[in-house]
Every structure is written in structure tokens, then in C-alpha cells.
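Please look over the sequence and the structure first, then read the points below.

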Amino acid sequence: MGGRLSGCPTIEVSVGRKGRAKAKGRGRVKRNLRVPFSSIRTLFAERDKTFLRGLTRPVRWGGFCPNSTMVSANTELTYNSKIEGDVIVSRADSVINWIRSNSMWPMPMGLACCAIELMATAASRFDIARFGAEVMRFSPKQSDVMIVAGTVTYKMSSALRRIYDQMSEPKWVIAMGACASTGGMYRSYAVLQGVDRIVPVDVYVSGCPPRPEALLDALIKLQEKVKREPSASKLLSA
Amino acid sequence: MPAEYAFPDSAAKTAHGEFETEKMSLSMGPSHPSTHGVLRIQMELDGEVVTKADPVVGYLHRGDEKIAENMTYNQFVPYTDRLDYLAPLANNMAYAIAVERLAKLEVPPRCQAIRVITAEMARISAHLLGLGAFGIDVGAWTVFLYSFTEREKLYKLFEELTGARFTTSYTRIGGVARDVPEGWTGRVDAFCEQFLPLLEEILNLLTRNRIFVDRAAGVGVISKEDAIAYGLTGPNLRACGVPLDLRKDKPYSGYEQYEFDVAVGTKGDGYDRYLVRGEEMRQSVRIIRQAIAKFPGGAWYAEDAKRIIAPPKSKVLTSMEELIQNFMIVTEGPLMPAGEVYFEAENPKGALGFYIVSKGGGVPWRLKIRAPSFCNLSILPKVCVGAMVSDVVSILGSLDFVMGECDR
Amino acid sequence: MPAGLDAVTALKGKWASVTDRASLDHPAINVPAPDLLAVLGSLKQDHRFDMLVDISGVDWADRSKPRFTVVYHVFSTATHEYVRVAADCADDAAPEVPSATGLWPGADWHEREAFDMFGIRFTGHPDLRRILMWDGYPHFPLRKDFPLAGIETVLPDAEVVAETKTGAIAAPMMGGPFVAAPGQLNMSEAEPRAKDESWTERRPKPDV
């Protein structure tokens, strides 16, 4: 059952109604990693191949060569999953990363004009809700990704860093727009020349302001980055 | 509506029969969903009631005025976009007219009509977002989403005209960047036609909404004298009963040819400010339609202002004189005479003023931006005292300020 | 005669120190600092210029006259006219003018801004502190001797500084700003030249 994937923590998810799973004598979740059932059940339709395809497709590198210290030593990050009847056996990484990437709750650090494009991305036409990110919580403890949208001044920088510190792990940062990435067109005494001077940034979006499509592209890139993370080992070691 | 709240005696008295209270210090912002940008209000609270409010601004101070001393007049236009970033075209126009006053330059009627149409569209866009944000602050999500749908249609029109959704950088000193595309005015007219009933639908969500009226009416009342003493302008001033509208009282860019009404309120509370903004949008549509109906032909830039406006590229690339002219304007900037001017335009947020001190040449010596939001916010310490914390949120929403402008 | 010019004439008649100021649009006067409040009060009460729209500081830098000037713009809601009032600061090292907050409470923030940007003190102001820069900022940014890129300063929040090991740096200007000096009509003088503050991330700022 776990032979091919030995060495990594696995979870077993049972598909279908409770009765059937119980009848087949399988437990619902094995080992020490649980996933919320109700959300998975609706997606693990019995004959739904598309999700499984996603799990078995090897991750595209697309020209980006990661620093080997950034990913785990086990570079086989293909999400090979095995299906046995109603049960899908997969790597914990894949499920955790899938869940994390598809429900990234942004902490909108909407400072200036980019905040208006951020709002437009959240509105009906560009609908960030498709990506699970419409929950714009202004509370750092409840959010995953901080979207720095707008010019960061030196006066604001300490507030921004404090809010970043208050966010709980795992957290990511998208620097939206030219001002957040490098200071933009404001080469002056009052503007922080790039928010990466105070917080580590995962994705930079260029534009002044970037179109909502560009911000969604950044979110997708961040999702792909999240999918490459060795989250299970991080969780277990932390 | 806030009324006299009687605290139940039995609950509050201590064993000695005395009422012990303590003032709490609360800092609201700078990162806060309802402060419309980076505003911080340092409040002193007695329970839920504000006894002192000290707004701290400057979290978006980017040094625009210093940058202006190091840029030619045309190079500064993108920075004006980002002042009131909800209505960039209106800021562009205000700045261009201010600099043209330096040179005493009158642009041709077509250019004036284009500027008026774009400024009024920007006004609609800014008020829609103001209403949406006000709605969100008091709990009405739908208004925000509906108004953003309309704004997306406006963005499409702006993009067709200028190339950018917002932050358009459309005007130049002595004209606009390019002429309107084929059929654009027809599309604007079509937008206006479908917009009016949708606007009624959006306003219907709030105007007679019991919750909204309770949150906005009677909250943040500003008297006429206070409004004038603090330098309030725009819808905030008109809601207090002062019928001052620079488009009517000191017309610029051809506004005198258009017929429109000025919405004036009576009580000066948040509800009046909301109603004034709603009515202004209807009047803007009226102005746009008149401008399109009268849309003149001709040049979209002042052709005879040789040292101020660059000639069209087709001439620049083929004729020597225009090449030199273009070179001088791009490198040195439009040649302005020495002197001082002050010009205010009626922006959606209030009166945006530019005080320009020029020593000649293409670069200003001093450019002061008189921001309406800066003055509108200065009344906060007075208005918030005695209100509850949730009323402060409602006051901020109704004052409708933009920090990009306030801090420059 | 329009109300603005009427007012200017009346003021010049009443105070000998009030002189005309060159202006391209609105009537403008120069007033020395001691008479400033009286003149502004008269404009407000006698001539009904009830709204103060703007207070700006100007730094003339290399002129022989006083270095700093404070310019007030007042507006009449009745006649819709502006008047510009300019007051020179007597002392270049410690510029000072009386505060107009007694006449218009809205002058409060404008004066704080002029203080923040230029260092002009307004005597009688209830709470003169910085408004746009943070409270401990040591420089006055809009003075002409302060470079656009800024001067390296320590940020106010010590914890954040310790964590991020960064501060307010001089912005990398990459050889700029390239701008022609204002007022030069001679072509060779007017060529945009990199101003002295140019430095890049690779080539450090030359010691001046």
C-alpha cells in the first residue's frame, strides 16, 4: 500500500459513502495527518480522473531552476498517487500544498493606487474568488499571503514589517506594482526603494498599476510555487 | 442614530458608590479596512465615545513636490495621476490648466471638450468608488460590487482613449496626448445611457435603506462656518449648504457652455454627503452628453504654441523645424515665463489647487499641490469628538478622502 | 473693480508696508511678518475673504533677499476671488512667521506641513510638529540644499531596524535626475545635466 512511497508520510483517503468505506474495512485516515473530509469528498468523485491527473502529472519546472537548498533532498516531487478502488493514496505534500494554494487568503496591504486594482481584482470582472482568495482579511493572523499593493514609505515601513511579523506561518508576500517591487517612479527621500528591503518577497508583479490579470498571474505563480514546497517535512520538523 | 445613552447605574458603580472610568487610547490604522488608505487616527476613548481624535497622516508621503522641482512640466504629469488615484484624468486636467495659466495659453475648443468629458467620467468613477467604499464600511457589500462593474466599463473606455485603465497621464501642457479614437464619443454616450438606470439601482440600495440611514444621517455633522473655516471644498462643503462649485463659479475649460445643476445639501451630515455625490453623478452624465452633442472639430492641442507643445510625430519625423521643437520640449521642457500662478479645479474630492512658482524654463522652481483631502481631513479632530468609534468609520466613509492626495 | 483689487488697494492704503507682488493671475501683495496677522484679519473680516485655501512655503535658496517666504491664498466664497499674500521670513537660519490658526483653524495642518518641509516656525501655533515625515526626522526635505534622493537616516522603530537591518537610504538615482536648470534660456546652459547628487548602486556618491 505505501511501498512505492515509503519513507514519506502518507494519508489514505476513503471515497464514497461512509457505509461503503466501512464495509470495505478501510479506515478513513491513516497516520498522523488528517484532512478535512467534507471538502475532499465532494472533489474526489469516484471516477473523476481530472484531479487524479493533476496528482500524477509531474511538476513543470518551466526553465526555473530551483536552488537545491530550497527544496527537500528528495527531489522526486511528482505527485504520484495510487488509486485503489475508492481510496486514493497520495503524498501528504501534494494534498497540503493543494489545499494551501487553492485557499490563499490575502492580507491586502493596500497602500496606494495598486489597491484600487486589487479591489478591481476582487470585484466581479476579474474575480479573485475563482482562486479561493476573495477572503481579504485585514487581520494578519487569519491570512496567508500579504499583497503589498502600493508605495511603501519609510514612515509606513515599520507598520508593514510588524504586520508581516504578526502573520502566522506559512506566509508569502506578493509585491504588487512597481512601487512595492523597487520603489517605482518615486526615487525620493521618503519612499522605501522596494519592499524586499524589509520583508522577503515571493512574487514581484510589475506594472503601474499592474492589470488585474497580471495580479492573477502572480497569484497563479505563487500557487505553483506553493505546490513545490516540501510542506509535510516542514510541518513535522518545525 | 446616536442619542443620549444612559449607562445603567447599578452596573457601573463600585462598592464606594462612585463611577470609575478610565480613558483608553486606541490607534486606528494605518492598516485598517475602513481608513481608506493609510490613515492613522490616534483616538482617546471614554468607553465607546471618542473624546480626542488626532489623525496622523504622511504614511503615503512620496515627495511629489520635491520631485516636481526636478522634472519638466510634462514629465510631472504621471505623478499627478497618482494624487487622487480614483480620478486621474481630473488631476491631469487640473495640472495642465494650471501650467497653461503660467503661459496664458488657451487650448482649442476640441481639447477643452475632451478634457471636460474625461474629467466628468473620472468624477463618476471616483464617486462610484467613494459610494462603494462607504457602503462597505457600513456593511453593504453589494454596492461595492455593483459600482465596480460600472467602473470596469469606464476603465474600458479610458483604456481605449489613453492606453491605461487608470493612471492615464493623458494631458500635456497645451493639449492632450492624442485625439479621441473613431467612435469613442459614441461609446461614451452609450455608456451614459445605460448608466443612468443602473445608477438609480445602485443608489436605491442605500438611499432608503434603514440601516444606512441610521448609520449616516446625523453622523458627522459639519456646520457651514466650520466647513469654510477649515477649508473644506467639494461635495463635503456643498453638503453643508454652501453652494460653491468652481465649475460654475470660476468656470474653466469651457464649463460655462454646459448646463448643469449643483447639488447642495442642508444638514452637513454623512447622509447629505452621500446624496450630494449621487446627484453629482447624474449631473456629470448630463454634462458629458452635452459635451458630446456639441463636440467641436479642430485640433486637440494648441498648434501655435511652438515652445510648449510637441507637434505630432508624423511632422517630427519628416520636418526639421518640428524635430528641433520636439527636441527642445523633451529635453528642456515646455518653455514657461517666470512668475507665479495658482489655479484650482473642481475635482471629485474637492478643489485641487496647484501653486506654481516659475523662474522661467521648463522646470518649475516650486510646485505646491493644494490637496482637497488634506483640508477635508483637518476637520476630523473636531468632528469625531463625541461620536462613537463606529461613527468614526462612517464619518471617514462619508468624507471620502484619498491618502495619495492628502500626503502627496 | 473686482473685490480682490479693491481689497489690495485698501490694504495698501492702511498699511504702508504692504506692497504689490508680481503675479500672473490673482492680485498679490507682500507683507512683512509683523503685520501679517493684521492684514490677513482685515482680509477676512473687512473684505470677506473667508476661506483660507492654501499656505505654502517657498525656498529661494540663492537670492539675496530673505531665503524663505510663506505664501497664503485666500478665497472669497461670496465674490469667488483669490488674493495671494506673501510674507518673507526675516531670519534665514531660523525662519519664523506668526500663526494664522487664530483666524482660520484650517491653517493648523498647512502650517505644520510648512514646518515639516521647510523648518519655518509659526509662533502661536498650538501644536507645531511634523505631519508628513515621522516625528524624529532630522531634515527639512523641501529645502533646496536637501537632495531629492534623501540623506541616510535611521528609521524610528528600533525593533524593525534591528530585524531588517535597513534604514532610510539615499534613493539610487542611477545618474539622474537629468533636468535642465530652470530659467536658463541659453541653449548650452539649458542642456539637461546630471545634477550633483547622481550616484548609482555601483558607483558610490562622490565626496563633495
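**Overview**

Among contacts in chain A between residues at least 6 apart in sequence, 75% join residues at least 24 apart; two residues are in contact if their C-beta atoms, placed from the backbone, lie within 7 Å. This is a predicted model, in which local features need pLDDT of at least 70, side-chain atom pairs count only at pLDDT 80 or more, and totals for chains, interfaces and linings use all residues. Residues are numbered from 1 along each chain as its sequence is written, while chains are lettered from A and ligands numbered from 1 in the order in which they are written.

- Chain A has 9 helices and 7 strands, where helices (H or I, at least four residues) and strands (E, at least two) are DSSP runs numbered from the N terminus.
- Of the 238 residues in chain A, 42% are buried, meaning that 20 or more other C-beta atoms lie within 10 Å of the residue's own, with C-beta atoms placed from the backbone.
- The contact between the chains takes 26 residues from chain A and 25 residues from chain B.
- On the side of chain A that touches chain B, α5 (113-122) and α6 (154-166) of chain A each supply at least two residues.
- That side of chain A divides into 19 nonpolar, 4 polar and 3 charged residues; Ala, Val, Leu, Ile, Met, Phe, Trp, Tyr, Cys and Pro count as nonpolar, Asp, Glu, Lys and Arg as charged, and the others, Gly among them, as polar.

**Helix α7 of chain B**

- Helix α7 (residues 184-207) of chain B has 24 residues and should span 34 Å at 1.5 Å a residue, which agrees with the 33 Å between its end C-alpha atoms; the expected span is 1.5 Å times one less than the number of residues.
- The buried residues of α7(B) include V188(B), C192(B) and L199(B).
- Elements that cover the buried residues of α7(B) include α5 (109-138), α6 (141-162), α8 (210-216) and α12 (270-293) of chain B.

**A sheet in chain B**

- Three strands of chain B form an open sheet of order β6-β7-β8 with antiparallel pairing; two strands pair if DSSP finds at least two bridges between them.
- The edge strands, each pairing on one side only, are β6 (336-347) and β8 (366-370) of chain B.
- Strand β7 (residues 350-361) of chain B pairs with β8(B) in the antiparallel sense over 5 bridges.
- The bridge partner of V357(B) in β8(B) is R366(B).

Note on methods
Buried ≥ 20, exposed ≤ 12 C-beta atoms within 10 Å, placed from the backbone.
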